[in-house]
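Hi everyone, thanks for making time today. Have a look at the sequence and the model on the screen, and then I'll walk you through a few parts of it.

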Amino acid sequence: MKTRRGNYYQRKKRLKNSNQRIINVEFKPKKGQQKIINACVTHWKTKSVIINIFRQYGKSFVMRYVVLKYLSEQNVTIGYLTPTNRLGKEFYQKMLEIIPALLIKQKNGTDLQITLVNNARILFFSIESINTVRGFTLTYLIWDEVAHSREYLPDGSHVYYNVLAPLLDARGRKLILISTPNGAQGFFYEKYLEAIKDPERVDIEYIEVKCTDDETKTPEWIEEKKKSMPALQFQQEYMCQFLENGASYFTSYVKHFTEGIYNWDCKLWVGVDFSSVGDDETIITFENEYGQVWQEKILGELDEKYMKMASILNKQVQNIQYCYFESNSIGEPMANSIKKLLAPSLVRKIDMKYTSNKSKTEYIELLAYDIEQGNLHFMGNDDELKSEFSTFSYSVSKTGKITFGALYGYHDDRIISLALANLCRKEKGNTNKEYIKIFKR
């Protein structure tokens, strides 16, 4: 007769062995997906895998499969990095749905960590919260949407070389970078060039999967995609080309990020995009008469936001010409609370702007025009604004209707705030009214 203690260890042993059940999912990989799996799982000499993949290919699904394979190993630690907290939370929830509950030893929805009975662990973290991963020792690191992630932190340190690489120094087996391109620039492009420079290298592998490589995509589907977006966007997001300009609706914005000191001692126009809670951000933008742009993210609880916003505006009361506040959703009540804390002369200089698809089209087109003409200059260290430029795109419906917005999972709060400030300057400044009418057709 087995003792209770003996039964416990027998059950624990069975649980560890049952970890193999995780990978017994019904999944018949496509050709491109099988290449990814081989590089990530079976090519043990490969230390870095660079995956250039088109949108809507099932990237997240195949990476979940790879993660499950890694989790079947004992005592490994997997880091999964995403550009935003939102994407990290989604992947965390998906993993919980497919891992049998019997195999989960511990889970933490706040820190986004899952530990299995075999002591394999996966950590989900984002560029927005990257400091939470410092000090960990990783076996595998997967960086999702690399090309659309910030490369530098506010203190000037590089996300990979200064933060991530040390995590792999002790026990690291593999680094996986997966993304669609975002122009011929940045860390993802740098690793792509390194991989293709010497195809005979076994320690680094480059995989490219274009929409035309997907055996399940018909010529009609591909043609429909071509018609629904600008040609450059299709070439980059579906044909995996590293273009000189990214898939952003805005072009040539990178060269307008320059070093310099913001001039506050001149005429100023303000745009504010509000948020209360959640992943959206409250952003205030100042645009001066020389076209310089300065932005600040307002953090804290609602009362703290009101006080911070009022303090920033009151400090510039003498130079502010006018302010445009977005009135959508929480905007109107937040603006009313802020007005109570403002100098009376400033309250009279505030207009509320409701953002519809039509009005958004007008002031986004105006912003794009000013960027193209070199009328705007951005602070060289504003990586968050640069990142939002890179992921702000548009789609065209079958009826020809244009819809603007950030790519799924990304923010556009800085773009909207900037566009409002720019519109405010054009409409309330000494600007030729005919110039404005061009964008109100």
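First, the ground rules. This is a predicted model, so to speak of local features we need pLDDT of at least 70, and side-chain atom pairs count only at pLDDT 80 or more, while totals for chains, interfaces and linings use all residues. Residues are numbered from 1 along each chain as its sequence is written, and side-chain values use heavy atoms, with hydrogens and water left out.

For pLDDT, the predictor's confidence in each residue from 0 to 100, the protein's mean is 86, and 88% of its residues reach 70 or more.

Now to the strands. Helices (H or I, at least four residues) and strands (E, at least two) are DSSP runs, numbered from the N terminus. Buried means under 20% relative accessible area, exposed over 50%, and partly exposed in between, with a 1.4 Å probe and protein chains only. Two strands pair if DSSP finds at least two bridges between them.

Let's take strand β1, residues 48-53, where 6 of 6 residues are buried. Both of its faces are covered: Ser48, Ile50 and Asn52 lie on one side, and Val49, Ile51 and Ile53 on the other. β1 runs parallel to strand β8 (residues 204-209), joined by 6 bridges, and Asn52 stands opposite Glu208 in β8. β1 also pairs with β7 in the parallel sense, over 5 bridges; there, Val49 has Ile176 as its bridge partner.

That brings us to Ser179, which is found in strand β7, residues 174-179. Is Ser179 buried or exposed? Ser179 counts as buried because its relative accessibility is 0%. Its side chain reaches the backbone nitrogen of Ala147 at 3.2 Å. Beyond its neighbours within four places in sequence, Ser179 is in contact with several residues, including Ile51, Asn52 and Ile53 from β1.

Next, strand β5, residues 121-126. Of its 6 residues, 5 are buried, so the strand is largely enclosed by the rest of the structure. Strand β2 (residues 77-82) runs parallel to β5, with 6 bridges, and Tyr80 stands opposite Phe124. Strand β4 (residues 113-116) runs antiparallel to β5, with 3 bridges, and Thr115 has Arg121 as its partner. The hairpin of β4 and β5 has 4 residues between the strands, and Asn119 takes a positive phi near 70° there.

Cys266 counts as buried because its relative accessibility is 7%. Gln316 is 50 residues away from Cys266 in sequence, yet their C-alpha atoms are 9.9 Å apart.

Last stop: helix α13, residues 383-391. Here 7 of the 9 residues are buried, so the helix is largely enclosed by the rest of the structure. Among the buried ones are Asp383, Glu388 and Phe389.

Key: A polar contact is a pair of N or O atoms within 3.5 Å; within protein, one must be able to donate a hydrogen and the other to accept it, and residues adjacent in sequence count only if both atoms are side-chain atoms. Contact means heavy atoms within 4.5 Å.
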